[in-house]
Structures are given as structure tokens and as C-alpha cells.
Amino acid sequence: GFLHYEVKILVIGLDNSGKTTLINHIKPSNTSSTFEVTPTVGYQVEEFSKHNLNFTILDMSGESRYRNLWETYYENVQAIIFVVDSTDKVRMCVARDELDELLNHDHVKDRTCPILFFANKMDVPGACTPVDTMKSMGLERITNKAWHITSSNAITGLGVDEGVEWLAEKLI
Ligand code: GDP
């Protein structure tokens, strides 16, 4: 890999935003990767590693009683990927609130970890452009972290590499 140290990347977003589909493009195709699903009922975390990159996928729409468990993941994270369903205009404000919670969290707020946003499902007619998504999510308010938004089609993988390359550049 291009990194000589271990990097923890948190992949976060509402359910159905496309996290699992998107991560399939980053995941190695061989079966040597680690892939775990926590056995807790109603609370699911997926983890896998590629080279020195350790990805943890968290659904933000889970029940709030499990949220205290998230702190463990926030603590050591070096980068965040936030997946937004750019076709779900109704729940974009929910995604924005979730982003707020993340940004205000004690383990995140003063950190410089870069955040990559995917305006996903760009292939769907009527999907918000990255600029519209940026405005709806209020990304201009992030002033102490490097961030970037790009549109993606998680099914074909279009835009995924471009995004991850931006993130990798910030991590080197
Ligand atoms: P998760 O809950 O965030 O992990 O979302 P999934 O990866 O399970 O995706 C939810 C649904 O959206 C699935 O039916 C995917 O096939 C679909 N989906 C994900 N990404 C895209 C995309 O870029 N375009 C389209 N058209 N559908 C997508």
C-alpha cells in the first residue's frame, strides 16, 4: 500500500444511502479480508481492512441507545467518509442533523481528520448535484477539517476512486 502506518476510516451515513454498495468497490475481491458483523441485536457494525486501511461502516439511523458504542469508533479515526443519498431530499435534513452530532462530538470536534462526502446515486434522475447537496448539508460550516464532496454511483463505482484518491492524498 501507499501508507506505511495503519489508518482507521469511518464510513457513515443514513441507512439506504449506499454505504455497503460503495464500499464493495474499495473492498478487496479476495476472501482474505476481515469482515465482521457484531452480533448485538439491532446494532450492526461492519469492518474490513485493505493494506493499511481499516474501514468501519456505521449506520447513523440506528437506535440512539446504541450510540454510546460509537465513541469507540470515533476515538481513533483518522478519516471519515460520509455517504449521502442525493435522491432522498426528505431525509437530507436528518443526514444534516446526524452530521451535526458527529461534528460536535468530543472525540471529533477538535480533530483535523479529513471528511469525504459522497453525493451518491447520481445516476437517478432528479438527484441533487454535489453543490446542492453541499448546501443542504451545510458543509460550509466545517472550517477546521479538510473536506471534499463528489458525486458517485456506488453501483458502477463511478466517482468512488476519485473520492478515495482525494482522501488518500490528505492522509499521506
Ligand atoms: P446502506 O444501507 O447505506 O449500506 O445502503 P446500501 O448499500 O445497502 O444501498 C441501499 C440501496 O440503494 C440498494 O438497493 C442499492 O442497490 C441502492 N444504491 C446504492 N448506491 C446506489 C447508486 O449510486 N445508484 C442507485 N441507483 N442505487 C444505489
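Predicted model: local features only at pLDDT ≥ 70, side-chain atom pairs only at ≥ 80, totals over all residues.
Biologist: Hey, which residues of strand 5 sit on one side, and which on the other?

Modeller: Ala 79, Ile 81, Val 83 and Asp 85 are on one side, with Ile 80, Phe 82 and Val 84 on the other, and all of them are buried. A residue is called buried if 20 or more other C-beta atoms lie within 10 Å of its own, exposed if 12 or fewer, and partly exposed in between, with C-beta atoms placed from the backbone.

Biologist: What does strand 5 pair with?

Modeller: Strand 1 pairs with strand 5 in the parallel sense over four bridges, and Leu 10 stands opposite Ile 80 there. Strand 5 also pairs with strand 6, again parallel, over six bridges, and the bridge partner of Val 83 in strand 6 is Phe 118. To get from strand 5 to strand 6 the chain goes through helix 3, in a right-handed β-α-β crossover. Two strands pair if DSSP finds at least two bridges between them. Right-handed means that, with the strands pointing away from you, the path from the first strand over the helix to the second runs clockwise.

Biologist: And what does strand 6 pair with besides that?

Modeller: Strand 6 (residues 115–120) and strand 7 (residues 147–152) are parallel too, over six bridges. The crossover between them runs through helix 4 (residues 130–137) and is right-handed. Phe 118 stands opposite Thr 150 in strand 7.

Biologist: Which strands make a hairpin?

Modeller: Strand 3 and strand 4, with two residues between them. These strands pair in the antiparallel sense over six bridges, and Glu 47 has Thr 56 in strand 4 as its bridge partner. In the turn, His 51 has a positive phi of about 50 degrees.

Biologist: Is Lys 121 buried or exposed?

Modeller: Lys 121 is buried, because it has 23 other C-beta atoms within 10 Å. Asn 16 has 15, so it is partly exposed.

Biologist: Switching topic: which residues touch the most others in the largest nonpolar core?

Modeller: Val 11 and Phe 82, out of 37 residues in that core. Strand 5 gives the largest share, six residues. A nonpolar core is a set of buried Ala, Val, Leu, Ile, Met, Phe, Trp, Tyr and Cys residues joined through C-beta atoms within 7 Å.

Biologist: So what does Val 11 touch?

Modeller: Leaving out residues up to four places away in sequence, Val 11 touches Lys 19, Ile 23, Phe 55, Thr 56, Ile 57, Ile 81 and Val 83. Touching, or contact, is when C-beta atoms, placed from the backbone, lie within 7 Å.

Biologist: Last one: what's around the ligand?

Modeller: 15 residues surround the ligand, and the closest are Gly 18, Lys 19, Thr 20, Thr 21 and Ala 154. A residue is near if its C-beta atom, placed from the backbone, lies within 6 Å. Helix 1 (residues 19–23) gives the most to this shell, three residues.

Biologist: How does the shell split by class?

Modeller: Three nonpolar, eight polar and four charged. Ala, Val, Leu, Ile, Met, Phe, Trp, Tyr, Cys and Pro count as nonpolar, Asp, Glu, Lys and Arg as charged, and the others, Gly among them, as polar.

Notes: Residues numbered from 1 in each chain as written. Contact = placed C-beta atoms within 7 Å.
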